[in-house]
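Please read it alongside the sequence and the model.

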Amino acid sequence: MTAGKEAGPPVTDRRTAGWRAWALLAPMLAWLMLFIVVPTAVLLVYSFCERDELGRVVYTFTWDNYQRAFDPIYVRIFGRSIGYATLTAAICIVAGFPVACYIGRAREELRDRLLLLVMVPFWTSFLIRTYAWITILKQEGLLNAVLRSLPFGAGPLDLLYTPVAVMIGLVYAYLPFMILPIYGSVEKLDGALIEAAHDLGAGPLRVFSSVIIPLTLPGIAAGTLLVFVPSIAMFAITDLMGGARVPLIGNVIQNQFTQARDWPFGAALGVVFMALFAVTYWILLRFREREEAAG
Amino acid sequence: MSAKVELCGVTKRFGAFEAVSEVSLEIAAGEFLTLLGPSGCGKTTLLRLIAGFEQPTSGTIWLGGVEVTHLPPYRRPVNQVFQSYALFPHLSVWENVAFGLRMQRVPAAEVTDRVRQALELVSLAGFDARRPQELSGGQKQRVALARALVCRPQVLLLDEPLSALDAKLRQAMQLELKRLQRQVGITFVYVTHDQEEALTMSDRIAIVNRGRIEQFGSPHEIYHRPATAFAADFIGQANLLDTRLIAADGSGARVRLAGGLELVLRAAAWPAGVETALVSIRPEKVHVSKSKSRAQSTFAEGETNMFEARIEEEVFKGATDHLILATVAGTRLSAVVANESALGEIFHAGDRVFCGLHADDLVVLRVN
Ligand SMILES: Nc1ncnc2c1ncn2[C@@H]1O[C@H](COP(=O)(O)OP(=O)(O)OP(=O)(O)O)[C@@H](O)[C@H]1O
Ligand SMILES: [Mg+2]
């Protein structure tokens with residue numbers, strides 16, 4: 001350590017230090033430029049353009065795309081997307097919280113194995129897993145086969161290509177993103193705090209609401225963000241499992257860039273969408289800041 | 001309000017490890033009881049059993065005459081000050097202290113009053129809005145204390161509540177706690193591994209060793225009449241002497257030490273039917289002087305064991321002088337004498353002196 005310090009040049013010159021810092025940051029900055037700043041800029045520029053009959057982008061300036069984006073049809077789809085994403089996040093919280101608690105409180109060897117299980121689905125392609133769900137839910141699928149074999153003979157459920165199927169797909173896809181951050185919070189939670197609350201007369205419910213929930217809120221907030229944001233933009237699940245009957249905003253945008261060949265309008269929808277994210281994120285961030293200031 | 005605490009044959013096993021073995025203990029209502037023992041001896045486990053965080057493997061626990069062995073912690077009229085404080089990081093100091101009252105649904109005005117009083121009691125008025133993370137170790141400890149006291153439990157369990165305080169604050173808090181305990185009359189079960197703290201504060205002390213109670217008695221009894229070698233050694237210092245009985249009659253028991261030195265003990269002190277035993281004497285009970293008559297002190301002739309010794313080592317400790325003595329027969333004893341000016345005698349290594357041990361001060365220890 002000391003030898004290294006002596007060998008290096010003294011870092012007294014601020015300009016040298018600045019130059020070095022920039023050099024170290026360069027790859028990161030290049031990455032940000034290439035994958036975030038440039039595409040966003042292109043999207044912004046496109047959103048003010050028009051298209052010709054062949055679907056090529058014509059560089060002019062117009063607000064038309066934004067006007068169309070706020071057409072009631074699209075506003076309704078935006079609303080529906082937010083609804084689906086909110087419901088997905090809510091179901092993921094309810095389903096993920098007990099799992100996260102169980103893993104976080106398990107013995108260490110067991111804990112590692114359970115965490116691995118949560119992550120196993122990521123080892124296969126997302127599309128393959130979605131097709132697997134289709135074979136489960138379809139009319140002649142696994143679920144109905146099981147139902148039919150039951151003694152009380154439940155009729156076949158026609159789940160595939162319904163909103164329920166879309167919800168199943170979304171929750172399935174994003175549940176791990178809820179479990180992992182909550183697990184992080186639960187694992188950090190000091191068991192003595194729960195004992196202290198019990199000691200002070202709090203029954204299990206009060207301990208849960210007054211101690212466990214407030215202390216795992218950062219994990220819940222992070223998980224909500226991780227689930228809400230991608231599920232609002234999801235189009236593959238709605239296409240495959242919803243049969244494109246309940247289009248969400250992701251489908252509409254994707255459609256503009258593919259079949260409709262209206263890139264400027266797709267770009268405008270994308271920008272509105274990003275603005276929506278930015279606001280959601282900002283709110284959640286404020287929430288977490290408050291929490292961090294608090295705890 | 002205070003309650004009696006009883007443990008009846010309580011054993012707690014963690015897997016194959018027995019942390020608490022067959023402990024039976026009766027703590028009187030309003031008593032200040034200290035569990036004293038070395039690290040890992042099972043003090044915290046005993047408290048956790050009383051608080052309800054652990055279930056005994058066998059045995060029963062009673063609070064105020066009611067069996068609570070299987071009652072959850074939130075149904076027991078007991079509060080604990082945790083060794084690790086366990087303050088809620090998402091709540092302010094004020095909210096932490098108010099937590100227990102909120103759970104008891106105490107009216108808001110009363111909560112305000114009691115929390116304020118509790119915080120004043122631990123000299124933390126004005127810290128209301130702070131978060132636990134913004135407090136020093138000692139301040140956290142005091143919040144933990146206030147949080148438990150404010151609930152006015154029938155029994156208060158304290159797990160080394162003063163260990164993080166500096167000497168001065170610690171002493172102040174010791175007196176404060178003791179005063180408080182007398183005033184509110186709550187039964188205190190206090191855990192410490194500081195013998196001085198135990199001696200100063202307790203009505204009674206239970207010496208815990210390897211999950212067992214070695215001795216249970218007043219500080220005075222524990223100090224002057226230690227029951228086992230462990231108890232003798234753990235509280236204060238003790239000369240432990242291996243002895244063999246050579247004669248016993250009505251007036252006394254005559255024993256011989258390995259080197260040949262012979263001592264006379266109270267006949268009643270020697271257990272019947274035993275040949276050899278460990279005998280303990282406190283270093284300050286070894287009377288040392290260059291003059292035979294002064295070593296004899298005020299004791300009667302027949303009750304004092306007199307022998308000559310040489311000072312091997314002398315360590316000046318201010319108020320006291322610590323001596324290591326070697327008797328002619330080769331037995332080594334440590335002695336503590338008041339410092340030279342008080343005694344009018346100066347001791348140096350190599351000096352020949354007389355030692356006097358009174359028969360009453362020689363305590364025969366039980367063998368476990
Ligand atoms: N949950 C547990 N599982 C296994 N062993 C335990 C458990 N809790 C305590 N022990 C063991 O029981 C023994 C007593 O522990 P305890 O915490 O009661 O000690 P202590 O007297 O409070 O010590 P200290 O003064 O260091 O706090 C220790 O050897 C400890 O390792
Ligand atoms: Mg302990």
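How much space lies in the largest cavity? About 50 Å³ lies there. The model is predicted: local features need pLDDT of at least 70, side-chain atom pairs count only at pLDDT 80 or more, and totals for chains, interfaces and linings use all residues. Residues are numbered from 1 along each chain as its sequence is written, chains are lettered from A and ligands numbered from 1 in the order in which they are written, and side-chain values use heavy atoms, with hydrogens and water left out.

**Cavity**
- One cavity of 30 Å³ or more is present (a set of points on a 1 Å grid over the protein atoms alone where a 1.4 Å probe fits but cannot get out; lining residues have an atom within 4 Å of a point).
- H5(B) gives the most to the lining of the largest cavity, with four residues.
- Among the lining residues are Leu121(B), Met173(B) and Glu176(B).

- Thr44(B) is partly exposed at 26% relative accessibility, and Gln83(B) is partly exposed at 38% (buried is under 20%, exposed over 50%, partly exposed in between; 1.4 Å probe, protein chains only).

**Sheet**
- Five strands of chain B (DSSP runs of E, at least two residues) form an open antiparallel sheet in the order S13-S12-S11-S14-S20; strands pair if DSSP finds at least two bridges between them.
- S11(B) and S14(B) pair over six bridges, and Asn239(B) has Ile281(B) as its bridge partner.

Key:
On a 1 Å grid over the protein atoms alone, a cavity is a set of points where a 1.4 Å probe fits but cannot get out, and a pocket is an open set with protein on both sides within 12 Å along at least five of seven lines; lining residues have an atom within 4 Å of a point. Grid points are joined across faces, edges and corners, and a volume is the space filled by probe spheres set on the points.
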